[in-house]
Structure formats: structure tokens, C-alpha cells
Amino acid sequence: MPFDAARIAGLQEYLPDSVRVTSHTGGGGDVGGDIFGKLLQHVRDSHEIDTPWGELSLPHYPPVSIGGVTIDLSITKHVLFVWIAALILFTIAMMVGRKNRRAMVPSGVGNLIESIVVFMRDEVVVPNMGKGGVRYMPYLLTTFLFILFMNLLGLLPYGASATGNISVTAGLAIVSFIMIQLSAIREQGFGRYLAHLTGGVHWALWPIMIPIEVLGLFTKNFALCMRLFANMIGGHIVILSFIGLIFLFKTYLIAPASIGFALGVSMLELFVAFLQAYIFTRLTSLFMGLGMQAGHAEAGESH
Amino acid sequence: MLEVNPGLIVWTIITFVLLLLVLRKFAWGPLIESLERREEHIRNSIERAEQARSEAEKMMEENRRRLASAEQEGQRILTESRALAEKLKDEIVEKANQQSRSMIEHAHHEIERAKEAALAALRGEVATLAIRVAEKILDETLDEKRHRKLIDSSLDTLPVN
């Protein structure tokens, strides 16, 4: 936060005086950087949430120390939105799951969820992981819908995208990393899994190869984490920037253009919300499939 | 913006794992299972329908074959019975003709015989009558025997009828 505010405040110095924004609502008459700062506050995690009835403060717990690592487990805005997404997904999935057991023919939301399940199974899981991948369907389905709901919540008024926070995407990527390793070990056996890390080259090259392969394991998930985070926060920042133009130019004349562009980007965001959830799931399934089939493929396969 | 909050990571992982465990047991498991069951059901239904269809086709073919053979059989029976009737009719007519012919012949014979008998009787009667008449006329001058011979010969010259 200080980083951004400082940068925007610094940018202000290059702008001509006429364009400079003085705070619109606040009486302080501060620089326009505050406005951008406040807008960016919207995408950043915080201990307050905006509601139609004003700002609410969330409980602030003292950091907990576990095994020498100090962790602040306070319920922040993004934790809350992670939970809201989980609650929505839980409600829908339980409803569909219970209804589906009784009826042979699906209907309503059940149909929607089922088509997602069938799509996941036939277009993502089976092509990437083979028939054995169906076992990991619950994980992939939960990942897809959980990310999707978190993405979509950011498009609602007063909402926030928890996936626009690098810690949340890191958490998802860590789970994905564990699932990829577990599925590989399960399908190949631990010995073959370790053997794969040598890349199948001459033993003399192992000191070079093993670190590269191990690094490769982490970069995949690091990329997953960064991709989701950057895509989600990027869209929000673009929307906020268009809105921010109104305050920057201090005129309502710019509003139609700003709102028009923001609306366009919002629609794009709607698509991106689905796309990124799909990409995360698809890549996870692909990596799991690679790990599972690595033993069957010839040694020295590179990826 | 790039600062990492370990607390948030922990909360995310906890939430996700709990959600995954609950949904796997109560939502995705049953859903995928019922999906597979339904697909199995549909596959079976299609298979059964296909089987029923081919069976029906076979049956129809069989029926058609039977119908054709029955028709043929009927035709054959009709032809046979027609021929039989023709033969029977011919026989009966033939028999009737024969019978009628024999009856006519018989009647002819009968008539012939009756005529002959009548003629013979007539001849005898006429001869006797003639002799009586001649006797009366000639009175006992003539020998009866001679006269009879005379009359017989004259009668023979007469036409038969």
C-alpha cells in the first residue's frame, strides 16, 4: 500500500497543475494519489468491508506463533469472501447432490452443474489423465467452481475477488502442488516418482538435473498462482482506473466514456472469471496427467 | 500488492480442503455415481431397444414368410379342389349319361318284346277268326288243316306291321 500510494503521488509531480486532482469528497484537499490509493484499497485485502450500511470492522486477532512461524489468522476481507464463495458452492453442490440421488432426470441447477461435471470429465479429465483421472474429479470440480465463485464475487457491488489476492492463489496453488505430487506418486509408486526426477540422464549429470526437475515442479504451480492472481487483479485495476479518470479530470463529462469502458471491461471480466477458473483447473489436470503417465512414457521426456 | 499474508494462505487451504472433503462425500461422489448410473441405464436402454427392434424385424419377416406360404397353400388347395370337383362332375355326368342310355335301351327292348308278343297274339287271333269265318262261309266243305295252311301263307305275305 505505501508502495502504490508513493508511486502515484510521485506521478502527480509530472502532471501539470491543471490536471491535478484535489480530493473530491474529503475536505482535506489532499493530492489525487489518495483517490487512486483509495480505489486500489478496493482490490487490496483489509480489515474492513464495505457494505450498503457503511464500513464494518472485522475482528483482529493477535498473531499466533506455530513452530517459530508467526501467523496472523485475523479474518480479513478476503478470508470472508473465500468463505462466502465456499458457502455458495457448498449450498449449490449439496442441493444438487441430494436432488440428483433421488431423480434419474436432472433439472434446473442440477442440469447446469451436471453439464459442468460432464464437460470436466469428457473434455478435461479423461483426455489429460485417462480413465483413472475420474478419481480426482472431486478435487478438480471443487477447484473450478471455488475459483469461479471467488472470481465472480468480485464483479458484484460491495464484492471482492479473493483470487485477486496472491495469498489466496498461493493457497490454491499449494493444494494443486500437493495433489499433483500425490497423484504422481500414487500412480507410479514412490521409486519411479523419484527416478523421474533424474530426468533419465546419465548419473553424472544428476547434480544438475535433479535441481532443475525439482525447480520445474515448483515453477508450474508458481505460474498457476501468478497467472490467476494477475489476471483477476489486472481486470479490477483496469476498471478502477477507468472510474478513477472521472476523479482525475474532476469533470462529469468524462463519465460516459469511463463508465462505457468500465462496462466493457466488466463484461470481459465476466468471461475472464470463467476462463481463468477453467485454465487453472485444466492446467492442474494436465500436470497431474503428465505426472501419472510419466512412468508409461519413455524416459528422458522433457516438460 | 505482492506481499504474502501467511494467515490468508492458511485460511484458504483450510477452507478449500474442508470444502473438498465435504463435497466429495456428499455432492461430487453421488453426482458422478448417478451420472455413471444414468449413462449405464441409457446405454442399456438403447441396447435393449435395438435388440427389440431387430427381434420385431425378424418376427415381421417371419410373418411375411408365413403369410406368403399360407397364400400359396390356399392357392394350391383351391386349384386341387377345383380339379377334383371338375373330375367328380365329369364322372357324375358320365355315369348319368350311361345310366340314361342303358335305361333307354332297356325301354327299347321292352317295347320291341311287347310288340312282338302283341303281334304274335294278334296273328293267332286273326287266323282263328279267319278260320271261323271261312268255316261259316264254306260250311264244312273244306278241310280245316288245309285251310289253315292256306291262310297262314297268305298272312305271311302281309306286311309285318
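**Figure 1. Second largest cavity of the predicted model, with contributions from strand 1 and helix 3 of chain A**. Strand 1 and helix 3 (77-102) of chain A each provide at least two lining residues of the second largest cavity; helices (H or I, at least four residues) and strands (E, at least two) are DSSP runs, numbered from the N terminus. The lining is made up of H42(A), I49(A), D50(A), K77(A), F81(A), Y158(A), G159(A) and A160(A). The space inside amounts to about 50 Å³. A cavity is a set of points, on a 1 Å grid over the protein atoms alone, where a 1.4 Å probe fits but cannot get out, and lining residues have an atom within 4 Å of a point. Grid points are joined across faces, edges and corners, and a volume is the space filled by probe spheres set on the points. By class, 4 lining residues are nonpolar, 2 polar and 2 charged (nonpolar: Ala, Val, Leu, Ile, Met, Phe, Trp, Tyr, Cys and Pro; charged: Asp, Glu, Lys and Arg; polar: the others, Gly among them).

The model is predicted: local features need pLDDT of at least 70, side-chain atom pairs count only at pLDDT 80 or more, and totals for chains, interfaces and linings use all residues. Residues are numbered from 1 along each chain as its sequence is written, chains are lettered from A and ligands numbered from 1 in the order in which they are written, and side-chain values use heavy atoms, with hydrogens and water left out.

**Figure 2. Largest cavity**. The lining comprises 3 nonpolar and 6 polar residues, with no charged residues.

**Figure 3. Largest pocket**. A pocket is an open set of grid points with protein on both sides within 12 Å along at least five of seven lines. The volume of the largest pocket is about 790 Å³. Among its 24 lining residues, H42(A), D50(A), P157(A), Y158(A) and L240(A) are the closest to the centre. Helix 9 of chain A makes the greatest contribution to this lining, with 5 residues.

**Figure 4. Interface of chain B and chain A**. Contact (heavy atoms within 4.5 Å) involves 33 residues from chain B and 51 residues from chain A. The two chains bury about 3,800 Å² between them, 77% of it on carbon and sulfur atoms; buried area is the accessible area (1.4 Å probe) that two parts lose on being put together, summed over both.

**Figure 5. Salt bridge between E39(B) and R121(A)**. The N to O distance is 2.6 Å. A salt bridge requires a side-chain nitrogen of Lys or Arg within 4 Å of a carboxyl oxygen of Asp or Glu, and 2 are found across the interface of chain B and chain A.
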